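Biologist: I am new to this model and would like to learn how to read its features one by one. Could we take a few of them in turn?

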Amino acid sequence: MIDLKQYGYIEAETPPIGLIPGRVTELQRDQYTVITEEGEVTAVLKGAFYHTAGAREDFPCVGDFVLLQYNENGASRIAKLLPRRSKFSRADFSGHAIGYARTIVEQVVATNFDYVFIVSSLNWDFKVNRIMRYLTQTRQSGGQPVVILTKADLAPDLNAPLVDVQKAAPDVPVHAISSHTGVGLDALCEYLQPGKTVVLLGMSGVGKSSLLNVLMNQEVMTVQAIREEDSRGRHTTTHRQLFMLPSGAMVIDTPGMRELGLFGADDGISAGFNDVEELFTQCRFNDCRHQTEPGCAVLAALADGSLPCEHWERYLTQKQENKFVNDKSSYLMDKRACHKSIAMRNKQIKKNGGFKK
Ligand SMILES: Nc1nc2c(ncn2[C@@H]2O[C@H](COP(=O)(O)OP(=O)(O)O)[C@@H](O)[C@H]2O)c(=O)[nH]1
Ligand SMILES: [Mg+2]
């Protein structure tokens with residue numbers, strides 16, 4: 001029998017009779033793999049999920065704890081999603097266009113992790129800006145960010161990128177590693193403690209699955225060679241999956257994201273740029289736009305160099321993007337509310353025996 005506590009399960013209340021707890025380890029289309037005390041089972045969602053879950057984030061995701069009806073002879077049925085300790089979301093721009101507006105919805109990438117490894121490779125595609133975007137989204141996920149710079153064996157100079165990241169995010173640990181030579185891996189033991197969960201996030205081809213494999217001491221995820229000259233990664237990892245490491249920690253590997261869209265990132269931006277927002281309180285005017293106003297603390301800090309220009313620009317870009325997403329998703333929410341009220345009205349009309357003439 002498996003002890004689910006080793007998978008990070010904390011029993012908040014005794015499950016109702018007929019239901020057992022489990023943790024989602026894999027999701028492929030609508031088929032779930034769930035680890036339970038009875039072992040690993042395949043499961044599908046109970047129909048109620050499709051009827052009551054309005055938004056997509058309510059569907060179980062890799063890392064989630066769920067209650068299910070165990071079926072010894074076939075697919076078990078997931079009946080309930082348990083509360084999440086942490087979740088990493090991104091804006092999904094792939095929705096259908098309505099008129100000119102493209103709908104933007106929240107896509108939950110992983111849940112119930114303790115650490116987010118923001119994985120970026122040290123070859124030429126290294127960009128601090130990109131790391132900062134992941135950082136913003138991580139700061140509001142409920143997990144602790146750790147920046148992992150991979151392929152240290154390919155980098156002529158390790159120090160410059162490490163310093164760049166430390167300067168941009170002084171409160172976040174940064175590690176340079178190589179899954180090929182093993183350099184730097186020892187330092188990761190600190191995070192890989194029994195019962196803890198780490199999610200690997202980053203672009204395709206940066207070496208997430210290679211890191212997982214070396215931590216597992218075996219090839220559990222396929223790694224595909226990429227051309228390092230242009231570092232174009234192909235999407236070899238096509239689904240998310242949670243693995244139990246020999247150390248007793250768990251790792252969630254994810255497919256690469258071409259681009260990370262910020263979603264509902266106000267708190268994350270404030271947490272990462274509190275030095276900037278602190279300046280706003282020192283401007284002479286409450287409604288200062290920080291453009292040409294006299295007594296503007298931002299302009300003064302930019303002029304004397306105490307606020308680095310790239311930091312200010314990152315702040316503006318992230319704010320602007322987040323506003324765009326917020327506006328678009330509130331548009332969507334309005335639209336949903338509108339559809340709902342139309343549906344309710346139609347129901348009412350039906351009940352009352354059709355349109356009143
Ligand atoms: N030189 C070097 N190459 C690496 C290292 N880690 C991964 N790679 C290569 O990078 C490519 C993509 O790796 P993969 O783990 O599939 O990346 P993922 O898409 O992030 O999962 C493969 O060709 C790996 O062999 C490393 O530490 N050093
Ligand atoms: Mg991969």
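**Reading the features**

Modeller: Take contacts to begin with, where contact means heavy atoms within 4.5 Å. Cys296 is in contact with Cys283, Cys288 and His290, once its neighbours within four places in sequence are left aside.

Biologist: What should I know about the model and its numbering before we go on?

Modeller: This is a predicted model, in which local features need pLDDT of at least 70 and side-chain atom pairs count only at pLDDT 80 or more, while totals for chains, interfaces and linings use all residues. Residues are numbered from 1 along each chain as its sequence is written, chains are lettered from A and ligands numbered from 1 in the order in which they are written, and side-chain values use heavy atoms, with hydrogens and water left out.

Biologist: How many helices and strands are in the chain?

Modeller: Both are DSSP runs numbered from the N terminus: helices are H or I with at least four residues, strands are E with at least two. The chain has eight helices and 15 strands.

Biologist: What share of the chain do buried residues make up?

Modeller: Buried means under 20% relative accessible area, exposed over 50%, and partly exposed in between, using a 1.4 Å probe and protein chains only. Of the 357 residues in the chain, 49% are buried. As for contacts between residues at least 6 apart in sequence, 66% join residues at least 24 apart.

Biologist: Back to Cys296, then. Where is the place of Cys296, and at which residues does UniProt put the feature "binding site"?

Modeller: Cys296 sits in the loop between α6 and α7 and is buried, at a relative accessible area of 5%. The UniProt record, an unreviewed entry, gives "binding site" for Cys283, Cys288, His290 and Cys296. Such annotations may be inferred rather than shown by experiment; the feature names are shortened and the positions are given in the numbering used here.

Biologist: Is His290 buried or exposed, and what does His290 touch?

Modeller: His290 is in the loop between α6 (274-280) and α7 (297-303). With a relative accessible area of 14%, His290 is buried. Not counting residues up to four places away in sequence, His290 touches Phe280, Cys283, Cys296, Val298, Leu299 and Trp312.

Biologist: How many aromatic pairs does a search of the whole structure find?

Modeller: Rings of Phe, Tyr and Trp (its six-membered ring) pair if their centres lie within 6.5 Å; planes under 30 degrees apart count as stacked, over 60 as edge-to-face and the rest as tilted. The search finds seven aromatic pairs. In one of them, Tyr9 and Phe65, the ring centres are 5.8 Å apart and the planes stand at 50°, so this pair is tilted. Tyr9 is in the segment before β1 (20-28) and Phe65 in strand β4 (residues 65-69), so the pair ties together parts 56 residues apart in sequence. Tyr9 is buried, at a relative accessible area of 10%, and Phe65 is buried at 5%. Another pair, Trp312 and Tyr315, has centres 5.8 Å apart and planes at 15°, so it is stacked. Trp312 and Tyr315 are three residues apart in helix α8 (residues 309-351), separated by about one helical turn. Ring pairs link Phe273, Phe280, Trp312 and Tyr315 into a cluster.

Biologist: Which residues have the most contacts inside the largest nonpolar core?

Modeller: In soluble globular proteins, nonpolar side chains tend to be buried together. A nonpolar core is a set of buried Ala, Val, Leu, Ile, Met, Phe, Trp, Tyr and Cys residues joined through side-chain atoms within 4.5 Å. The largest core has 51 residues, and Tyr32, Val34, Ile78, Phe88, Leu149 and Leu201 have the most contacts inside it. Helix α2 (residues 128-139) gives the most to this core, with five residues. The core draws at least three residues from each of domain 1 (4-83) and domain 2 (88-253), bounds that come from an automatic or database domain assignment. Apart from this core lies another, of 23 residues, including Phe117, Leu211, Met221 and Leu245.

Biologist: Why is α4 said to be largely enclosed by the rest of the structure?

Modeller: Eight of the nine residues of α4 are buried, so α4 is largely enclosed. What covers its buried residues includes β10 (115-121), β11 (144-150), β13 (197-201), β14 (241-244) and β15 (250-253). Leu212 lies in this helix, residues 208-216, and is buried at 0% relative accessibility. Just after α4, Asn217 takes a positive phi of about 65°.
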